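User: Can you walk me through this model? I'd like to start with charges and rings.
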Amino acid sequence: MDPVRLGRPTLFATTVLALALAGCASENALRDGQALLDQGRYEEGLARLHDAAAQAPGEPRYRAALALQQERAVASLLAQAERQRTAGESEAAAETYRRVLRLSPRNARATDALGALDQRRNVEEMQKQARAAFRRGDLELAEKQLAGVLALDPNLSDAQVLRREIDLQHARTASPYPRLRTRFTRPVTLEFRDANLKMVLDVLSRTTGINFIVDKDVRPDLKATIFVRQVAVEDALDLLLSQSQLEKKVLNDNTVIVYPATPAKLREYQDWVIRTFFITNMDVKQAQTLIRTMLKTKDLFVDEKLNALTMRDSPDAVRLAEKLLQAQDQAEAEVVLEVELLDVSRDRFLDLGIQWPSTFTVLAPNGGAAALLSDLHGPITDNRIGIDRSLQARAKSLNNDVNTLASPRIRVRNKDKAKIHIGDRIPVVNATSVPSTQGPVITETVQYLDTGIKLEVEPTIYQSDEVAIKLSLEVSDSQDAGRTNSGTTLVRVKTSNASTSLRLKNGETQILAGLIRNDHAANADQVPGLGDIPGLGRLFGQHDDSWKKRELVLSITPRIVRNTPYLPPHMLEYGSGTESGVRSRPLSLQDPGRPGEDAVTLTAPPGESAPVPPPPVVGSARGATLPMPPRSAGTTAPANLPPPPPAVITPPDTPVSPAPLDRPVTGIPAPLTLALEGDSRLKVGDETLVTVLLKATQPVISTALQIGFDPKVLKVTEVVEGELLRSDGVVTTYSSNTDETTGRVFVGVSRPTGGPGMTAEGPLVQLKVQALAPSSSSPLKVLVFSGIGPGNRLQPAALPAALDLAVTEP
């Protein structure tokens, strides 16, 4: 026997056997890998899938399974790490991110997250530094430190609280309008009725050192009536000018021009500025419309190439435009939509039974068809009986399973539509026949029909990290339905549609299932009666059963990539003037001065514009009065008058309350006198007891007072009622409220209505105060006090001097 001939079939059989074994090994590796992945053992599962792809390099489905499962494993691990990081499990999150890098070494998300976790260990120290800077009043440094903290952990609750405190402090102290700054820092009290305006300006000039230049068109007979207490000089001047329809222009720190607020004078005195804004995110045409609509600015130029806007308007309008654009020119939010669609189609066909003849025919003796009755003569044997079909035993079963899996990811901007189409474009030919003298002319056109999976989504992203999604899904399949007589191709399309709107949180997964179509068709070709016997009926007929089932499962997960940034309240709401004029700073009263300072009172007798007897005096005690200097009513204050040196007056033994509006201050002691008693020196962390003492020489039934302190230096930990109003055993009504943000304590104490008042001397309220930060001088002061006597009569009271606390390091 020839050995060569024996070797060839042996080699062929060996090759075939090796290929079969390799295919079996690849399938086993694929199944093992899928099982390991389902158990969460991603590294081992992907290694098995890699082995399957290596053992069958010519089979693309193994490589596709490896790539798909690797992407899913990375996505699952990233989601797990994010949940661990949010829950505060930093070490577990870091280990999960390292697992991601072992699977995908160039994954940028895991690399950045590991870097952020390393820096997060310094968050606590950075937060302490931000809090310390805020207590010192250094808002800029506090914001810089806080920005670093929030960049590492945007959801840190303590950092969010500190940010709200900084925003609140900004809202209280924001003053972008250029203010008049004088060397006279104490608050003033103005009490003028029907006084000549120029005379009032003269008094202000001599007292505060402000130089006034009055326009020639200001009427000399203008009268002013103003009663304000404890206000800053700049605010008092604004109130005085606004009621007389006047405006001012600041020339330097202590010089202003006063002119009528007429359109002609505004054009003459009001300076305009030119400002160019480079728009980053919004359309420059929208920015132009915004400025023109809100500020009524006429001089605007738009450079669409540079996406820049240039405007010319008043400084107030430019500042307001800057605030508007700062709030509106924000990057659009974006979201990544992770979609998974599973289309399961199952077809079952069963043909089981015996097919019997359905027609029996008697033939003629010659074997032909019997056309006449005479053809039926003679004996009817088996060779004269014909049947329409043969007897058949049928047993056939068909199974057809189709699983379509699509998992696209698409990134889309807020309120933009995104479309996904996975499938085929079926050409459909249309034939058009046009008659002519030489015969019909047939023209064919081709149109394309999209089939497969079509998904349309339109997200709306909210600042609450929620996404509203309008979703439309269509799954279609085409089948050839023949042609018409004119040659047009007919296509039958089987379609499943679903449309919905839903709102999901960031990272929340919603599954849409239950889109099921289940068809069952049963056909029977059987012997009547016998084919209906249960169980045995298939022996007497042919039975065809078909089942068609189709199910769609859709899951969608939004992941916000970039949301609209948080804007603090002071950037969203700000003054803009009145309907007739634009102002970046509204007409309002600011903090009148430092705690513990008393106001200088400027007053005149009702209706008098003549000079009042000298001497002019600046008083340091509350209620001290500055009479008008001997100047004529129509003269203007000198423009360059320097401020007088501060005159010092020794306060009386018993300070008096501010004078009422209808009478000057007298030296008669008030029936109610307050005093503050407590230690004046503290160390950081120490506590002291401060007592508010009340001496009532007339009956008092109820009291209400407001105490101010610096919340950056001091903290009021407890407020208790004193024994004064309940010393006779009467049950009193007591309430207190402490506002740590503004540094205010509100206290109310009252005796029973209708009962006798209390005339005595003793503690009214006691405060437990804790030192927070070192300070050479931190006054604690009674800001407001009211005492009510019998008959609901207000008793005059003398407020005490501030208790100046010095806080040192421990």
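Analyst: A charge sits over a ring if NZ of Lys or CZ of Arg is within 6 Å of the ring centre and within 35 degrees of the ring normal. This is a predicted model: local features need pLDDT of at least 70, side-chain atom pairs count only at pLDDT 80 or more, and totals for chains, interfaces and linings use all residues. Residues are numbered from 1 along each chain as its sequence is written, and side-chain values use heavy atoms, without hydrogens and water.

User: Which ring does the charged end of Arg-503 sit over?
Analyst: The ring of Tyr-462. The distance to the ring centre is 3.9 Å.

User: And how are Tyr-259 and Tyr-269 paired?
Analyst: They are stacked. Rings of Phe, Tyr and Trp (its six-membered ring) pair if their centres lie within 6.5 Å; planes under 30 degrees apart are stacked, over 60 edge-to-face, the rest tilted. Here it is 4.5 Å centre to centre, with 20 degrees between the planes.

User: Is Tyr-259 buried or exposed?
Analyst: Buried, at 4% relative accessible area. Buried means under 20%, exposed over 50%, partly exposed in between (1.4 Å probe, protein chains only). Tyr-269 is buried too, at 15%.

User: New topic. How many residues does the largest nonpolar core have?
Analyst: It has 35, and Leu-767 and Phe-785 are among those with the most contacts inside it. A nonpolar core is a set of buried Ala, Val, Leu, Ile, Met, Phe, Trp, Tyr and Cys residues joined through side-chain atoms within 4.5 Å.

User: What about a second core?
Analyst: It is separate, has 27 residues and includes Val-203 and Leu-222.
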